[in-house]
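Let us walk through this model together, starting with its aromatic rings and then moving on to its sheet. Keep the 3D view open as you read.

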Amino acid sequence: SAPDMFEFKFAARGGSIKTVLVNVNAIPGTGNVVATLLDLSSLRQAEKGFAEQWDSLPAFLDSLLAMVCYKDREGRIMRVNRRFADLLGLPKAGVEGKKMSELMPGLEQQFDLHDADIISSGKPRARVIWQFPWEEGARSIRLDKTPLLDSEGDVHGIMVEAVDITDHTDNEIRLRDKLDKM
């Protein structure tokens with residue numbers, strides 16, 4: 001039969017709380033059982049620390065000046081900061097879990113450009129310029145894309161940092177125009 005596993009907590013000497021996994025297996029044909037105990041205390045503490053860090057991630061991302069999003073391997077936007085959601089004119093909850101093709105049909109090709117190469121190579125792609133249609137006119141957005149790697153070094157997603165560089169590009173155009181007239 002299948003092994004039975006139980007997880008339980010108990011107070012150890014000194015008052016610390018221990019989390020233990022007990023695995024009970026029957027030894028075929030003997031009528032005996034064998035039990036193994038595994039102390040999960042460190043693992044559960046690490047999980048708790050990770051959960052606390054993950055919970056503080058939105059506040060950290062919202063404090064950044066850049067627009068930031070995290071996309072999974074399939075292109076779903078898993079996490080965004082407030083500035084990124086504001087760019088799209090949506091609440092964060094209206095962006096997260098969706099693909100760019102759902103949010104802005106026709107623009108996803110520019111936004112998702114290079115993602116397949118980043119996922120296959122594991123190498124970042126910097127300074128990709130995205131022309132974003134805005135109510136007041138097109139905006140030039142610089143995208144820096146960084147692969148996010150798991151513990152085996154495989155890409156599990158892409159972090160996108162977006163910065164509005166429209167003012168810079170407009171100034172360059174004005175400067176070129178002035179130089180051409182000289």
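The structure holds 1 aromatic pair, made by phenylalanine 8 and phenylalanine 10. A pair of aromatic rings is described by the distance of the centres and the angle of the planes. Here, rings of Phe, Tyr and Trp (its six-membered ring) pair if their centres lie within 6.5 Å; planes under 30 degrees apart count as stacked, over 60 as edge-to-face and the rest as tilted.

Before going further, a word on the source: this is a predicted model, in which local features need pLDDT of at least 70 and side-chain atom pairs count only at pLDDT 80 or more, while totals for chains, interfaces and linings use all residues. Residues are numbered from 1 along each chain as its sequence is written, and side-chain values use heavy atoms, with hydrogens and water left out.

How open to the surface are these rings? Phenylalanine 8 has 37% relative accessibility and phenylalanine 10 has 36%, so each counts as partly exposed. The scale calls a residue buried under 20% relative accessible area, exposed over 50% and partly exposed in between (1.4 Å probe, protein chains only). Phenylalanine 6, found in strand S1, is partly exposed too, at 47%. Strands are DSSP runs of E with at least two residues, numbered from the N terminus.

Two strands pair if DSSP finds at least two bridges between them.

Strand S5 (residues 76-80) is joined to S6 by 2 bridges, and arginine 76 stands opposite lysine 99 in S6. Strand S4 (residues 67-72) meets S9 through 6 bridges, with methionine 67 opposite alanine 162. Between S8 and S9 there are 9 bridges; leucine 148 has glycine 157 in S9 as its bridge partner.

What lies between S8 and S9? Their hairpin has 5 residues between the strands, and glycine 153 takes a positive phi near 90° there. Aspartate 154 sits in the loop between strand S8 (139-149) and strand S9 (155-164). This aspartate 154 is partly exposed at 45%, and it touches Leu148 and Leu149, leaving aside residues up to four places away in sequence. Contact means heavy atoms within 4.5 Å. Aspartate 154 and tryptophan 130 are 24 residues apart in sequence and 27 Å apart in space, C-alpha to C-alpha.

Finally, look at arginine 127 in strand S7. Most residues other than glycine have a negative phi. Arginine 127 has a positive phi of about 60° although it is not a glycine, and at 62% relative accessibility it counts as exposed.

Note on methods
Helix = DSSP H or I, 4+ residues; strand = E, 2+ residues; numbered from the N terminus.
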